[in-house]
Amino acid sequence: MFKPESWQSHDEYRTIVATIGHSLSRNNPKYSFNEYDEERQKLLNLNLDPLLDYIPAFYSKGGRPAAH
């Protein structure tokens, strides 16, 4: 069972990544937020929001909710 209400929008994802990334960098110099800039930009630009219309078709309408 797919729960669309649990879907996190791309804008929410970008905000969380930036917040947690800056927090990690500030609290631990080992985790430099800018060190993996190219990889981070790929993740931030990969907008999966259009898939929200297609994903429910791959899940059953009832039964046990999906674990992942």
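Asp37 counts as partly exposed because its relative accessibility is 34%, where buried means under 20% relative accessible area, exposed over 50%, and partly exposed in between (1.4 Å probe, protein chains only). This is a predicted model, in which local features need pLDDT of at least 70, side-chain atom pairs count only at pLDDT 80 or more, and totals for chains, interfaces and linings use all residues. Residues are numbered from 1 along each chain as its sequence is written, and side-chain values use heavy atoms, leaving out hydrogens and water.

Asp37 has a partner, Arg40, in a salt bridge, meaning a side-chain nitrogen of Lys or Arg within 4 Å of a carboxyl oxygen of Asp or Glu. Side chains of opposite charge can pair when their charged atoms come close. The structure holds two salt bridges, shown here:

| Salt bridge | Closest N and O atoms |
|---|---|
| Arg40 and Asp37 | 2.5 Å |
| Glu38 and Lys42 | 3.8 Å |

Arg40 and Asp37 sit three residues apart in helix α2, so about one helical turn separates them. Glu38 and Lys42 also lie in α2, four residues apart, about one turn of the helix. Helices are DSSP runs (H or I, at least four residues), numbered from the N terminus. Arg40 is buried, at 15% relative accessible area, while Glu38 is exposed at 55% and Lys42 is exposed at 55%.

Now to the neighbouring helix. Arg40 is also one of the α2 residues that meet α1, along with Leu43, Leu44 and Asn45; contact means heavy atoms within 4.5 Å. On the α1 side are His10, Tyr13, Arg14 and Val17.

Terms used
Helices (H or I, at least four residues) and strands (E, at least two) are DSSP runs, numbered from the N terminus.
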